[in-house]
Structures are given as C-alpha cells and as structure tokens.
Amino acid sequence: MNLLTVENISKAFGELVLFKDISFGVNKDQKIAFIAKNGTGKTSILKMLSGNDTPDTGQINYRKDIRVSFLEQEPEMNVDLTIEETIFASDNEILKVISNYEKALENTDDADAYQMAFEAMDRFNAWDFETQYKQILFKLKLEDLSVKVGLLSGGQKKRLALANALINQPELLILDEPTNHLDLEMIEWLEQYFAKENMTLFMVTHDRYFLERVCNEIIELDNGKLYPYKGNYSYYLEKKEARIEQEAVEHHKTKLLFKKELGWMRKQPKARTTKSKSRIDDFHKIKEKASLRRKDHEIQLEINMERMGSKILELHKISKAYPDKPILNQFEYNFIKGERIGIIGKNGTGKSTFLNILTGVDQPDTGKVIIGETIKFGYYTQKGIAIKEGQKVIDVIREYGDYIPLMKGRQISAQQLLERFLFDRKKQYDFVDKLSGGERKRLYLCTVLIQNPNFLILDEPTNDLDIVTLNVLESFLLDFPGCLIVVSHDRYFMDKIVDHLFVFRGNGVIEDFPGNYSDFRAYEDSSVIENRAAKEKLKEKLKEKSKEAKTDKKSWKTNDSTKKLSYAQQKEYKQLEKEIQKLEFKKGEIEQQFVTGDLSVDDITELSKNLKEISDGIETKTERWFELSALIE
C-alpha cells in the first residue's frame, strides 16, 4: 500500500540548487533511510514530507487520512508546559479521551462526567493505549510527568519529542537524526523497538549500526540523482561499490568516445548537414558526461605532527563533584604515546566535564593534572565554533592555520584539507551563514585539525555529520599518529577508531575496559552469568586483542589482507571471529561450573546438552573461518 508519493520536487535558495526533479515513493512497512552529503537538502526534504515546507516545483501526495509524525533534529516545544501537558497537547483523539478521564478522576463529585469519561475509555479501547504510552515513557526515562520542558536537558527534550512521535502511533514516522543526543542505552532500545514494530519509517541518520539493524531500504542522493537499494547498510555498501566501479568503466568509455568525436568536430567544414548537426548535439552531451568526475577520492596522510616527549598526560587522584553528584573519585591514569581511548556512559555521568578537566577548561576539586611540555591539544567540543559576520569558509580556517606538515617535507594546505572534508573550491568562498548545520560542524572539525595537534580530544564529533564525511573523518583518524580521546554514541565509529574504553558508570565510578564497544557489549551480556574466573579470562583475551588492534589501526591501509574477499565475505569473516570468541567464552563458563558447582543430575544433563551444542557450533564456525582464511592466503 502506497502511503506517500514524491513527484519531481525541486528546491533552491537563490543560486544554490539543492536538488532538482526528485521522485520516489514510500509504501507501508518500509523502513527507509535517506543518505546524502551535508548541504544537499536532506533536512529540507524531511520538512517537505512532514508538511513544514513546500517544494519550489513538483508535488507530494499522501494517502487520504494518513497519520504522520515528524521527529525534528532539534525539537521545538513550549517550555512552560510539563511533560504530561506536552503529550496531551497532541492531536491524538485517544490521548484526549485519557486526559478527560484523568480530569474526571480528580473531580469525582460530577458522576455524569465520570461515567461519560469511563465509557469513552471503553469505547476507544484507551486502557491498553494508556498502558502502552506509559511503558514508552518509562523506557525513555521520563517517569516524572510534572517536570516542565524548560528544565529538561537537550537529551531529555529529544526523548520527549520521540515519545510524542511514538505515542501518536503514526502510519508514517519521519525522523531527522533520531539517535542524536541519546545515550547508548536509549539508542539500543530504540533500535530494538523499530526492528520489531510494524512501522513505516523514513529517516535521516548517520548511525550506521542503526541503519544496519533497522532499515530495509536505502535511498541515496548522489550528485543530484537518486539511487534506491533494497536492503540494509551492508547491502548498500556492496551495491554502491559495484555501481561506482560500473560508472568508472562507463566514464572511461565516454572519454574515449569524446576524443573520437572531438577529432571529427575539428575536421568538419562550417556548412553542416542535418545529420551532422544531430551528431554535434550529441557531441556536447558526450562532452558534459566526459567532464564529470567523482569527488569522494581518498588521500593517505603521513602527518608530521609535533614531537611528543616521554611525559604525555598524567592524572593523579583527581576528584570532581557537584551537589549530590560525584563525577570523579580519586581517578588516576597515565597516558602513553599512541593511545586511542573511547569514552562511553549515560548522559549526565560527567564525560564532558572530564574532558574539560583534561584540557584545563575546568579544574578538579582535588588531585593534579600534569600535562607534558610537548603536548598540543586539539579539542572539538559540542558547542561548535563562533563565526564572525561576513566570514567566508576559507577565512575561518586560515585564522587557525595555513597548512598541516606531512612527512618528507610535504604539506597539506588549508584549501586541500577543506577539499578532503568535502568543501570544493567554490564552496570555500561561500559565506559561512549559508552553510547547513552539518557543514558548520565539518568546518569546525577542520579548524581543530589544521592546528596540527598531537593530542586530539573529540566530544561527540559524529553528531550532524553525514556518512560520507564520517568515512573521511575515520580515514583521517586512522592516519593520525598522536593520542586520541573520543566521546561518541556512534558505535560503528567507536569500533573502528578506539582500542579501549573509559566506561563512566555514574557516581564517580570509571572502568578502564580493554576493547572496543562491541567487545564491551559482549562482555556486558555475558555478565548475567556470575562466573568471575571466566569473565576475567575474557578480559585478559580482550587486553591481548586491544594490543593487536593498536598495530592493526596504524597499518590499516597496507595490511588489509581481507581485500581478497568480497565485502560480504569480509563481513562474515570478521563476524565469525567474534562469534567463535563468544562461544569459547560460554564453553569455558560451563566447564567451570562442572569444576566448581554443586550440580544435580538434571543440571549435569542440561549443561552437557548445552556444552555439546556450543562445541558443535564452534566446530562449524571454525571450519567456515578456515575456508575464508584459505581465500586470503
């Protein structure tokens, strides 16, 4: 069933054409992700679909009486209303019935009003609906409905807007960066909710694990054209790679044809026949195609950053607390060269405060922070950059530096760095106030990198960045030879970049975990079985893996032996390694129970059965792993 049809829509701001003659449809139960570079009109399209904007040309047609909800990237709400009042302010008829019933409960003297409200609850089946929406609020940690919106944090406002969107039970839910400002626990809950619910979704998101696990179709806007992919993120990557290869072949053929036709054009006399005029028209089309080129090339950087001495950064028993809220408690750590640390934890556990203490923006209550004399921080904060009126893109970055030195006396200029982060030469001379939110974040990132720091600290660098820019950033960071600390809710990004984690548990507790985010989740899932020996054994394995990962990340471009496998095989190969590791861990736990546990006959029978299933699984997966390994050799 078709819910929405977009026909030949276009949008421009003055001379800037965002897109032209775009058409697509949304059918029931589709979960579509819309992918495009920052500044190409993703948010504009979402606003048009939600009815908050109109296209310059074309039209958008909805099925009659369709319910649509729109989750904005930065939701606007009445700050004077409470959470409950905000929810009941919705146009949802059932919510109005529940609101009337709750008012009737407060005024039980009016028996007729109470009876009418009670009957309406039955008629609209509002009892079940009330239970459902309260469960959603509980899952999103919005239990105190009396709190006013004006007192909520950015993350809480996003959760309230999300709750409003879900409670309205829309037939079509439109989402603009739904995971922004949500902590990892909330993101994973939302991921599971969307995966199991029969909902129709159309979203823009940079969260690639979210794309992988939720979406069943991806539409990409690339160089003004739409490309649909019937599958999740892995399928999209595989098919896009094949498309680009095919385009490269066709482009090569077009260039050869252009050379041939150019020779013919030069030989032709001025008097033309009708046939030759037609060929001339075709020549101009061929010339236009031959001159097109992709702008997503990668450059490997060998950064010649400032020398780091033996002393990097030392934290000596630092503590920090706010009233009734401890952040750090006697925390100690000595950083070493090349460290790549990810920081995770729920919102409000003090991650940003910790970064501010490291960089001297804030001071600890007790303890010392000792910074090595050679250390030069590059600090990317969530606040962004202050832009002066009338500044152009190139002027902003040149205030911070003109180039980054590379090995062998080479350098990358400010213009080249901007190009690498998808600002072409024309865009570099645009006024900054014309940039989209994502483009401003991208520019801010460039101002941090151009200063050539040897210790990078990035606080939520992936928010508002498109997937293309994220790939560029990841590529840059994998080349980066200095120390790196990243706070991010982007699990894919963390898995690719960091070697170990600081896990902020709250109440001043910080755990140093030896592995990336996926390792941490596997460890946390295994923690439900209380077996300290097995858990410590897993942690030791992860420490060894973390050491190996440091080497792997530094030589990621030269040592990638899995390139002999297809994309799907590479994904399977890496997944098998993780699955085998998990099974071996479970096997060790069961064996440990045989040694240490007081087991009944039934327990022994059940554990023996489980042990055989796990052993068979390890054998099957190991055989497949060896098959793929043989292809690499």
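1. Buried is taken here as under 20% relative accessible area, exposed as over 50%, and partly exposed as in between, computed with a 1.4 Å probe on protein chains only. This is a predicted model, in which local features need pLDDT of at least 70 and side-chain atom pairs count only at pLDDT 80 or more, while totals for chains, interfaces and linings use all residues. Residues are numbered from 1 along each chain as its sequence is written, and side-chain values use heavy atoms, with hydrogens and water left out.

2. Arg-208 and Glu-474 are both buried, and their side chains form a salt bridge at 2.5 Å, N to O (a side-chain nitrogen of Lys or Arg within 4 Å of a carboxyl oxygen of Asp or Glu). This pair links distant parts of the chain, with Arg-208 in helix H8 (residues 208–214) and Glu-474 in helix H16 (residues 467–479), 266 residues apart; helices (H or I, at least four residues) and strands (E, at least two) are DSSP runs, numbered from the N terminus.

3. The structure holds 25 salt bridges, and one of them joins Lys-11 to Asp-56, with the closest N and O atoms 3.7 Å apart. Lys-11 belongs to strand S1 (residues 2–13) and Asp-56 to the loop between helix H1 (42–50) and strand S4 (57–62), so the pair ties together parts 45 residues apart in sequence. Lys-11 is buried, at a relative accessible area of 8%, whereas Asp-56 is partly exposed, at 45%.

4. Glu-191, Asp-207, Arg-213 and Arg-491 are linked in a network of salt bridges.
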